[in-house]
Amino acid sequence: MANPGVWIALLVAFSGVFSTGESSSSDTNTVFSPCSDTLVQRSDGFTFGIAFSARTSFFFNNSVELSPCDHRLSLSSAGSQISVFRPRVDEISLLTVNTSNFQPDSVGGYMVAFAGRRYAARSVPAFVANSTYTVTSFTLVLDFRRGRLQNLFFKRDGCASCASRSNFVCLNNQDCAIRTNNCRNRGGSVDCSIGIQLTFSGTDRHERVLNSWYEVQNLRQYSLFNLYANLRDSLTSQYNRFF
């Protein structure tokens, strides 16, 4: 299988981390490619990728969804792009893809989270943007069994987080979206950087339960929105000062 780093440009990505339990400074996972297999324990770093492309680009022969690591997909010719992250296992991570110079709809408007090769796992394609609407906030759950990644799920909140925000609309009773022409990279005033609240579920290689998704599920996504927005603004403003 092809190395996605060869054919996909790397996007700028930031992450902020909030621990939900005991944390160790030791990272025992020496695998850094999102297209390699690994077993992890709590507090290890875990590398995964998010590919941006058209929805149809993630399906082989328009029927079977494959991992972006699979060379049978024509993501390179489709102009797809990838963002790579390495969060700590079982810590709530607030990830940001800076869109100052990147327009998700220009490469197809969908994203797929993925990791692994022989044990390849990937999410279903999630809508991000088109010329009319842009979704800026997501919750992603990485599900493990005995330290091996099994699935990646984008969780929806039924638009609960945008109920009181007048400049957002609810798409298909699932996602909060803002009109794309309000985004800063389209001449508007809103920072439409993509924010992903990342959590974990399942068990690590020692069969210890991963609790961060349970914690977020209790808090509800919208309860962390202001905290996340402040962190995102701080990170992206620092990036803009350097570039």
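Leu171 stands opposite Asp175 of strand β15. Strands here are DSSP runs of E with at least two residues, helices are runs of H or I with at least four, and both are numbered from the N terminus. The model is predicted, so local features need pLDDT of at least 70 and side-chain atom pairs count only at pLDDT 80 or more, whereas totals for chains, interfaces and linings use all residues. Residues are numbered from 1 along each chain as its sequence is written, and side-chain values use heavy atoms, with hydrogens and water left out.

Pairing requires at least two bridges between two strands, as found by DSSP. β14 and β15 belong to an open sheet of three strands. The order is β11-β15-β14, and the pairing is antiparallel. β11 (133-134) and β14 (168-171) are the edge strands. Each has a single partner strand, so one side of each is left without a neighbour in the sheet.

Six of its six residues are buried, so β3 is largely enclosed by the rest of the structure. Buried means under 20% relative accessible area, exposed over 50%, and partly exposed in between, with a 1.4 Å probe and protein chains only. In a regular strand the side chains alternate between the two faces of the sheet. Both faces of β3 are covered. Phe48, Ile50 and Phe52 are buried on one side. Gly49, Ala51 and Ser53 are buried on the other.

β3 pairs with strand β6 (residues 81-85) in the antiparallel sense, over five bridges. Phe48 has Phe85 of β6 as its bridge partner. Five bridges also join β3 to strand β8 (residues 110-115), again antiparallel. Here Gly49 is partnered by Phe114 of β8.

Nonpolar packing was examined next. A nonpolar core is a set of buried Ala, Val, Leu, Ile, Met, Phe, Trp, Tyr and Cys residues joined through side-chain atoms within 4.5 Å. The largest such core has 34 residues. Phe46, Phe48, Phe52, Met111, Leu140 and Leu142 have the most contacts inside it. Two or more residues come from each of β3, β7 (91-97), β8, β10 (126-127), β12 (137-145), β13 and β16 (194-202). Contact means heavy atoms within 4.5 Å. Leaving aside neighbours within four places in sequence, the contacts of Phe46 include Val40, Phe85, Pro87, Val89, Leu142, Phe144 and Leu149. A second, separate core has 11 residues, including Ala51, Phe58, Leu66 and Leu75. 

A search of the whole structure finds three disulfides. A disulfide is taken as a pair of cysteine sulfur atoms within 2.5 Å. One joins Cys35 to Cys69, with an S to S distance of 1.9 Å. The torsion about this S-S bond of Cys35 and Cys69 is about -85°, so the disulfide is left-handed. The pair links distant parts of the chain, 34 residues apart. Cys35 lies in the loop between β2 (13-19) and β3, and Cys69 in the loop between β5 (64-65) and β6. Both Cys35 and Cys69 are buried.

A disulfide also joins Cys159 to Cys170, at 2.0 Å from S to S. Its torsion is about 85°, so the link of Cys159 and Cys170 is right-handed. Cys159 is in the loop between β13 (148-155) and β14, whereas Cys170 is in strand β14, 11 residues apart. Cys159 counts as buried because its relative accessibility is 6%. Cys170 counts as partly exposed because its value is 36%.

Cys183 and Cys192 form a disulfide with an S to S distance of 2.1 Å. With -85° about the S-S bond, this link of Cys183 and Cys192 is left-handed. Cys183 is buried at 2% relative accessibility, and Cys192 is buried at 5%.

The protein chain averages 82, and 79% of the residues score at least 70. Among the elements of the chain, β8 has the highest mean pLDDT (98) and helix α1 (residues 4-7) the lowest (36). Over residues 1-15 the pLDDT is below 50, and this stretch has 45 contacts beyond near neighbours in sequence. Over residues 235-243 the pLDDT stays under 50, with 12 contacts beyond four places in sequence.

Note on methods
pLDDT = per-residue confidence, 0-100.
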